[in-house]
Structures are given as C-alpha cells and as structure tokens.
Amino acid sequence: MLMTAALTIFLAQSSPPLVPSVTAEDPPPLTNEDDVVKFSDFVDRHLLSVTTNSGGAQVRTRARAFRLVDEDFETAFAQVPEAMELAHRAHQDAITASHLDAASMVLLGLSTGAVLVSTFVPAFVIPILVGSMVGLVVSLIIALVALPVALSAQERFFNAVSTHNHGLLDLRAAGGQSGGFGGMTVAF
C-alpha cells in the first residue's frame, strides 16, 4: 500500500501537465461569444453520425438521414469537398456491390431451381445437374468479386464520415474573412 502511494506521487510529479500547449499553428480562440454560439450551432447542424440497421449504413445530421445507396447520399458531405469525393466513390462501390450480389443470388436461385426441375425430367438429369453446378460456381465467383467491392464501399464510407467531421471540427479562422473558417465561407 505504501509502495503504491509512493509510486503514485512519483508519477504525478514526473509526468508533464495535462494542459495543452498553444503553438503558432493553433487557431486563435474565438473571442466573440456570438461567434462561438454560431459556430457551435453550425457544427451541430452539419456533424454526421453513423447508424447501421437492416436497411444498410446511413449517416444522420440533425435534420435528416442519408442511406449509402440513396442517389443524394453525397449531399450530406457538401461542406467538405474531400469527404464528398470519398462519399461519391463509396456510393458507387455500394451500388456495384449490390448489383453483383443481386446477380449472384439470381444465378443461385436459377441453379437451385434447375436441380429441382431435374427430378421431374429423368431423361435430362445429367445435363441439368452439370449446368446447375456451373451456375453455382459462377454464382460463387460473382459473390467473391462483390465482397472486396463491398468492403471498399464500407471503408470509403467511414473515411468520408471521418474526413467530413474532422473537416468541420478542425476549421481554422481565415484571415480577414468574416464568417470564414479554413478558407471556406460558413453560412451561419
């Protein structure tokens, strides 16, 4: 017990203070309370949160939810151009992956249906079963191609959200511009 107390005192004295240091790169603090409130409201309106459910991944702002497969998905990222580009690519990858998955499932269903039909047509059992096996292999290959595309969409989706939120929170005061942060004009 005495050893733990001595170690705690030693570490408390030897560790650097937890006060952040101000460097030349740090933005100047906002001095006007109205500017702080406006900036806080702006960030609150545009900050994105991620939710996932059976309908897929989506991002939410205070006003609305945007699903990854929606046509207007990229508009959620309009405040940060880099994030908007990542969101566009994530959207395209998600659409491609869903089309490949649908094609794989249709082919799987047709192949399974062919196996069932072969039981009613004894004369063509072997050709139907061979065709069904080929269909199953092609279905598997399409599903395996869709997997990396879906993973790419997921990675770009999360990168877009991260880039967007980081871009909103890391806005630098622009020199001489009223209401401007980080070189862009913010509409309060």
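Reply: A salt bridge is a side-chain nitrogen of Lys or Arg within 4 Å of a carboxyl oxygen of Asp or Glu. Here Asp 93 and Arg 156 form one, with N to O at 2.7 Å. This pair joins distant parts of the chain, Asp 93 lying in helix α3 and Arg 156 in helix α4, 63 residues apart. The model is predicted: local features need pLDDT of at least 70, side-chain atom pairs count only at pLDDT 80 or more, and totals for chains, interfaces and linings use all residues. Residues are numbered from 1 along each chain as its sequence is written, and side-chain values use heavy atoms, with hydrogens and water left out.

Me: Is Asp 93 buried or exposed?

Reply: Buried means under 20% relative accessible area, exposed over 50%, and partly exposed in between (1.4 Å probe, protein chains only). Asp 93 has 14% relative accessibility, so Asp 93 counts as buried. Arg 156, at 24%, is partly exposed.

Me: How many salt bridges does the structure hold?

Reply: There are four. One of them joins Glu 85 and Arg 89, whose closest N and O atoms are 3.5 Å apart.

Me: Why are Glu 85 and Arg 89 separated by about one helical turn?

Reply: Helices are DSSP runs (H or I, at least four residues), and strands likewise (E, at least two), numbered from the N terminus. Glu 85 and Arg 89 are four residues apart in helix α3 (residues 81–118), which means about one helical turn between them.
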